[in-house]
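Dear colleague,

Please find below the structure that I am handing over to you. My notes on it follow directly after.

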Amino acid sequence: MAPVLSIANLRVSFPRMEAVRGVSLTLRGGETHCLVGESGCGKSISALSVMNLLPRSAVRSADHIRFHEHDLLAMSERQMAWLRGDKIAMIFQEPMTSLNPAYTIGSQMAEVLERHRRASRRQALDRAAELLARVGITAPGMRLAQYPHQLSGGLRQRMMIATALMCDPEVLIADEPTTALDVTVQSQVLRLLRKLQQEMGLALLLITHDFGIVARMAEHVSVMYAGEVVESGPVEQIIKAPTHPYTRGLLNCIPVPGMTKPGEPLGSIPGGVPHIGRGFLGCGFRERCPMAARECAEPVHLHDAGEDHFYRCRLPPDWKLDASP
Amino acid sequence: MKTADDTQPLWRRRRLPAFGRLATLLGASIVVTAFVVAIFAPYLTPYDPFAQDLNLRLVPPVWMESSHAAHLLGTDQIGRDYLSRLIYGTRISLLIGVLTVITSGLIGVTIGIVGGFYGGRVDALVMFLITCRLSIPLILVALTVVALVGSSLTVVILTLGLLLWERFAVVARTTTMQVRNLDYIAAAQAAGASRAHVLVREVLPNIASHLVVVATLEMALAILLEAALSFLGLGVPQPLPSWGLMIAEAKEYMFFSPWVIVTPGVALFILVLGINLLGDGLRDMLRTDLRHRGW
């Protein structure tokens with residue numbers, strides 16, 4: 001199946017740092033692709049550069065960013081604006097601040113359809129009510145007349161999802177959609193996203209730092225570290241046989257039923273994300289890596305571990321950590 | 001919603017909402033009355049404000065000796081009814097206040113929003129413009145312009161409008177900066193909104209409450225400046241019944257007929273006080289509004 005969205009060798013740099021260094025990924029219709037990594041690794045910046053909504057100081061370059069066969073890099077701001085919210089929609093992390101406090105829910109939802117489909121306010125509000133019901137909000141008619149501060153966080157995030165779906169987008173980019181919600185609501189929102197994605201055949205690009213969410217939601221995962229995709233592949237493959245030391249470290253940090261022994265402490269990765277300036281070479285993880293060697297300071301190529309599984313490390317796919325200190 | 005403060009007895013509260021509310025109410029009623037008086041001036045005035053009656057010059061108001069019941073506030077030095085002139089004067093003051101605020105508001109808010117939203121070099125230019133404006137001596141420039149171009153209502157409004165925008169610009173700029181980085185701006189852009197749409201429909205409504213407060217203060221200032229210019233003979237030309245002009249004309253007679261200078265002075269004081277009280281009240285209402293929303 002042809003990819004809906006494909007990014008090749010995306011680079012984003014700020015005046016003092018390289019935020020994204022050669023990220024490639026493809027997203028197919030009806031598939032969930034997770035972008036996972038710790039804060040500051042370039043996940044959100046990668047997503048924003050697809051929408052061309054980067055901060056002004058950022059410079060974006062790529063071999064291509066394609067939506068179907070349209071090259072997003074060659075599009076004018078006006079053409080991009082037509083695509084945003086229509087074919088490619090996005091939801092943000094903070095449902096508390098993502099809604100304009102000056103307008104009612106109905107007005108904010110209706111606006112999207114009015115802009116992209118030239119719908120009347122009446123039609124747009126009908127569609128909004130239908131979608132609110134679909135994301136599990138009771139009494140949608142009443143909600144449409146309310147202002148954002150009258151809604152709870154979970155309701156707002158559902159409403160954000162409903163707004164994103166107003167124009168039947170093909171791609172939905174969700175930037176940590178559940179991070180700001182408490183755990184029970186988180187689980188409801190994830191279930192909802194999964195259900196809507198299957199019903200509508202959405203291609204979902206889900207950004208998260210939680211491997212638990214990855215395991216639950218995604219078919220495909222790209223693990224990012226310091227602006228690079230260090231490992232990517234089908235989720236079962238990555239969870240069963242993580243290859244990059246960073247991925248192994250991440251997976252050690254979460255409890256997995258049946259694999260983590262009770263009473264045994266969870267893993268942690270010592271150190272912090274390095275600052276990547278211009279001209280940085282080699283593996284970004286080498287300062288925190290238990291297997292670091294001198295050749296890690298040289299550029300590392302992508303290795304194929306088979307079955308669509310790639311990783312960016314000098315080690316063989318079946319390396320073992322030496323038990324001796 | 002009640003805050004902890006509201007449950008305290010009145011004298012223990014840090015704020016005195018009752019007094020604040022009273023002051024706001026007073027300000028609002030003064031302003032509303034002034035507008036009503038200005039709009040319905042022709043129906044409220046007992047006389048034509050321009051009609052002279054040289055037989056009845058400098059008649060004192062009714063509560064003083066040797067007054068005429070027909071002239072409630074007396075007459076001026078050429079026998080024009082003072083109440084009628086005062087009522088028509090409300091028109092001029094409010095007209096100048098409102099039109100000046102609209103002119104300066106349009107200029108200041110546009111400059112401020114653009115500077116605050118775009119930042120960087122655009123913002124540097126905006127700050128430069130604001131600094132330039134702040135270094136211009138207001139009264140002197142207004143006097144020079146009016147003296148050069150000639151005095152008329154339009155000239156006064158335009159001069160003040162073109163000079164009084166800096167507070168709008170400063171407030172619009174800082175509040176836009178606070179709003180700019182909020183997620184709903186990014187969310188609107190991600191939903192396909194254009195730049196103009198973001199500035200006008202997303203940013204502006206969220207800073208409007210601050211701008212309303214500035215507008216009241218600027219309106220009071222404009223009214224006072226008009227009075228000052230008219231007093232100096234460079235504002236509204238005679239024989240229009242501007243309050244400043246009335247004070248200027250009265251100054252020769254103030255020794256024996258002090259009411260001619262006190263009456264327009266008190267009117268000016270009450271209107272400006274009313275506008276300022278309303279402005280303060282709006283600012284406080286805005287503040288509690290923000291607290292109730294949990295910001």
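Which residue stands opposite Ile207(A) in β9(A)? Leu35(A) takes that place.

Before the details, two remarks on conventions. The model is predicted, so local features need pLDDT of at least 70 and side-chain atom pairs count only at pLDDT 80 or more, while totals for chains, interfaces and linings use all residues. Residues are numbered from 1 along each chain as its sequence is written, and chains are lettered from A and ligands numbered from 1 in the order in which they are written.

Strands of chain A

Helices (H or I, at least four residues) and strands (E, at least two) are DSSP runs, numbered from the N terminus. Two strands pair if DSSP finds at least two bridges between them. Strand β9 (residues 203-208) of chain A is parallel to strand β3 (residues 32-36) of chain A, with five bridges in that pairing. Besides the position already named, His33(A) has Leu205(A) as its bridge partner in β9(A). Strand β8 (residues 171-175) of chain A also runs parallel to β9(A), again over five bridges, and Ile173(A) has Leu205(A) as its bridge partner there. From β8(A) the chain passes through helix α7 (residues 183-200) of chain A to β9(A) in a right-handed β-α-β crossover; right-handed denotes a clockwise path from the first strand over the helix to the second, with the strands pointing away from the viewer. β3(A) also pairs with strand β10 (residues 220-225) of chain A, in the parallel sense and over four bridges, and Cys34(A) is opposite Val221(A) in β10(A).

A residue is termed buried if 20 or more other C-beta atoms, placed from the backbone, lie within 10 Å of its own. By this criterion six of the six residues of β9(A) are buried. Ala203(A), Leu205(A) and Ile207(A) lie on one side, with Leu204(A), Leu206(A) and Thr208(A) on the other. In β3(A), five of five residues are buried: Thr32(A), Cys34(A) and Val36(A) point one way, and His33(A) and Leu35(A) the other way.

Core

A nonpolar core is a set of buried Ala, Val, Leu, Ile, Met, Phe, Trp, Tyr and Cys residues joined through C-beta atoms within 7 Å. The largest one has 160 residues, and those with the most contacts inside it include Val171(A), Leu205(A) and Ala222(B). Contact here requires C-beta atoms, placed from the backbone, within 7 Å. Beyond its neighbours within four places in sequence, Val171(A) touches residues including Val4(A), Lys87(A) and Leu205(A).

α3(A) has 13 residues, of which 10 are buried. Those buried residues pack against α4 (121-134), α5 (140-144) and α6 (153-164) of chain A. After α3(A) comes Arg118(A), with a positive phi near 55 degrees.

The contact between the chains takes 21 residues from chain A and 15 residues from chain B. On the side of chain A that touches chain B, α2 (77-83) and α3 (105-117) each supply at least two residues, and the largest share, three residues, comes from α3(A).

Chain B

Chain B has 12 helices and zero strands. Its C-alpha atoms fill a box of roughly 75 × 55 × 30 Å along the principal axes. Of its 295 residues, 41% are buried.

With kind regards

Key. Contact = placed C-beta atoms within 7 Å. Buried ≥ 20, exposed ≤ 12 C-beta atoms within 10 Å, placed from the backbone.
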